[in-house]
Amino acid sequence: MKDTNRVTIAFIAGKIINNYNSSSVYDYTRAHHVCFSGKINSDRVNIYNYEKGCHFAGNGNNSKYSIYNYGDGHHISLSIHGNKFSGYDYGTSTHFWGNVRNKSITVYDYEQSSYYDYVV
């Protein structure tokens, strides 16, 4: 999964799970903030990633979302399970999972076989 897609999923999952009032997330691996605008609620994701320069939008139902990545032209599925999440990136054909604890978000990317940490 591309760095910019991974940080976007971390931001979306964090907003859905903890309803953060933040427009950015800090990526520890790349040591910088990534800014977003738009709205995320229980049935709709419509955000703009300023680093990637594109929209991510889709529908959901409080636990399952189908999000279209307009920058790369593919979908990303996202499922929420309490404070955990999982999904599939159709662009790289790989799974991911993670969890949200307070303001910290961790994503495990199966393509990279690595953990990535973020904070809101």
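**Exercise 1.** In this predicted model, a hairpin joins E2 to E3; state through how many residues it does so, and then work out how E3 is placed between its partners and which of its residues form the covered face.

*Solution.* Next take the pairing: strand E2 (residues 32–41) runs antiparallel to E3 over 6 bridges, and Phe36 stands opposite Asn49 in E3. Turning to the other partner, E3 is joined by 6 bridges to strand E4 (residues 54–60), again in the antiparallel sense, with Phe56 of E4 as the bridge partner of Ile47. The hairpin of E3 and E4 has 4 residues between the strands, and in this hairpin Gly53 takes a positive phi near 75°. Finally, consider the faces: in a regular strand the side chains alternate between the two faces of the sheet. In E3 (residues 44–49), Val45, Ile47 and Asn49 make up the covered face, whereas Arg44, Asn46 and Tyr48 make up the uncovered one.

**Exercise 2.** Decide whether Thr94 is buried or exposed, and describe its surroundings.

*Solution.* Thr94 lies in strand E8 (residues 94–101). Its relative accessible area is 14%, and because the cut-off for burial is under 20%, Thr94 is classed as buried. The side chain of Thr94 makes a polar contact with that of Thr92 at 2.8 Å. Beyond neighbours within four places in sequence, Thr94 is in contact with residues including Met1, Tyr88 and Glu111.

**Exercise 3.** Which residues touch the most other members of the largest nonpolar core?

*Solution.* Among the 30 residues of this core, they are Leu78 and Phe85. Helix H1 (residues 3–18) gives the most to the core, with 8 residues. The contacts of Leu78 include Ile9, Ile12, Ala13, Ile16 and Phe85.

Conventions. Residues are numbered from 1 along each chain as its sequence is written. This is a predicted model: local features need pLDDT of at least 70, side-chain atom pairs count only at pLDDT 80 or more; totals for chains, interfaces and linings use all residues. Side-chain values use heavy atoms; hydrogens and water are left out. A nonpolar core is a set of buried Ala, Val, Leu, Ile, Met, Phe, Trp, Tyr and Cys residues joined through side-chain atoms within 4.5 Å. Buried means under 20% relative accessible area, exposed over 50%, partly exposed in between (1.4 Å probe, protein chains only). Helices (H or I, at least four residues) and strands (E, at least two) are DSSP runs, numbered from the N terminus. Contact means heavy atoms within 4.5 Å. A polar contact is a pair of N or O atoms within 3.5 Å; within protein, one must be able to donate a hydrogen and the other to accept it, and residues adjacent in sequence count only if both atoms are side-chain atoms. Two strands pair if DSSP finds at least two bridges between them.
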